[in-house]
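Please look over the sequence and structure before reading on.

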Amino acid sequence: MITTNSTPSTESTAFACPHCGAYTSQHWFHLYARQNNDDARTPNIPDEDRRKHFLEASDIPQEVKPKLLEWCDKILSGSPFFEDIGKWDNVRNTVENLNISECYNCKKIAVWVHKSMVYPETRMGPKPNVDLPTDILRDYEEARSIVNVSPRGAAALLRLAVQKLCAHLGERGKNIDEDIASLVGKGLDPLVQQALDIVRVIGNEAVHPGTLDIRDDQNIAIQLCELVNLVCQQIITQPKAIRSLYDKLPEGKRTAIESRNAKALNLNT
């Protein structure tokens, strides 16, 4: 039975493309297999050095090189693609439980094993805040990539991201509970504290199961992604934006503000 759900599915001929996001027609392809011959017993995967050889080789006709280099670039991209090799009849095997869908809009393909899409990698939850530090961004994106198969694993990775955020704020980064307490003592916004503790507690439960079991709860893992973004927004993005605008004030105005603040501090001591 063919369905029209926007979620990618082996039972649909139209869905939201996992590459470009457009809801459009999807063309399905069955796969056939031909065994490699003795001259090429392993997969033909060129590297950068081989591409350079093709580019510089004098024995390769100039009219052939553009197509050959384009093929190399597609291989080096790591993404599967179609390559027309003409008609050949020595195929004896079909490949079952492995199918390809091609998007009508962007022409990119998705790879399916049984009913599961294995390429491109499915990411769930909100995209990361652009101000997340690089090492934390990697943990965040890895968490998004496994939300659909392991919400518990995603929660554990997001807890690690929060621990690294605390270290980014100058804390020791060893004991997340102590780090949050230290930030509270420095005037951390109570809402940010609560967001940090939610990710901490649920992440701990994911690693050491207790009263809360999120083994199959994708929604909780997605909400933890949202909280990590919220924390980043509050403690990195907003201060960064304010500092940028403050630095644009005339120097005399900033000096007067700092003098006013110094006087106020002296009056309170």
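How many bridges join strand 3 to strand 4? Five bridges join strand 3 (residues 93-103) to strand 4 (residues 109-113), and the two run antiparallel. Strands (E, at least two residues) and helices (H or I, at least four) are DSSP runs, numbered from the N terminus. Two strands count as paired if DSSP finds at least two bridges between them.

The model is predicted, so local features need pLDDT of at least 70 and side-chain atom pairs count only at pLDDT 80 or more, while totals for chains, interfaces and linings use all residues. Residues are numbered from 1 along each chain as its sequence is written, and side-chain values use heavy atoms, with hydrogens and water left out.

Five strands make up an open sheet in the order 1-2-3-4-5, with antiparallel pairing. Its edges are strand 1 (14-16) and strand 5 (116-119), each of which pairs on one side only. On average, neighbouring strands of this sheet are turned by 45 degrees against each other, direction ignored.

Trp112 has Met117 in strand 5 as its bridge partner. Here the hairpin has two residues between the strands, and His114 in the turn has a positive phi of about 55 degrees. Four of the five residues of strand 4 are buried, so strand 4 is largely enclosed by the rest of the structure. Buried means under 20% relative accessible area, exposed means over 50%, and partly exposed lies in between (1.4 Å probe, protein chains only).

**The helix pairs**

Axes are lines fitted to C-alpha atoms, for helices over the stretch in contact, and angles run from 0 to 180 degrees between N-to-C directions.

| Helix pair | Axis distance | Angle |
|---|---|---|
| Helix 1 (residues 48-56) and helix 2 (residues 65-76) | 10 Å apart | about 170 degrees |
| Helix 4 (residues 151-168) and helix 5 (residues 176-185) | within 10 Å | roughly 45 degrees |

Helix 1 is therefore roughly antiparallel to helix 2, and helix 4 is oblique to helix 5. Angles under 35 degrees count as roughly parallel, over 145 as roughly antiparallel, 65 to 115 as roughly perpendicular, and the rest as oblique.

A contact means heavy atoms within 4.5 Å. Helix 1 contributes Glu48, Arg51, Phe54, Leu55 and Glu56, and helix 2 contributes Lys65, Leu68, Leu69, Cys72, Asp73 and Leu76. By class, this contact of helix 1 with helix 2 has six nonpolar, no polar and five charged residues. Ala, Val, Leu, Ile, Met, Phe, Trp, Tyr, Cys and Pro count as nonpolar, Asp, Glu, Lys and Arg as charged, and the others, Gly among them, as polar.

In the other pair, Arg159, Val162, Gln163 and Cys166 of helix 4 meet Ile176, Asp179, Ile180 and Leu183 of helix 5. The residues of this contact divide into five nonpolar, one polar and two charged.

The loop between helix 4 and helix 5 holds Lys174. Lys174 counts as exposed because its relative accessibility is 67%. Not counting residues up to four places away in sequence, Lys174 touches Gln163 and Asp179. Lys174 and Lys164 are 10 residues apart in sequence and 9.1 Å apart in space, C-alpha to C-alpha.
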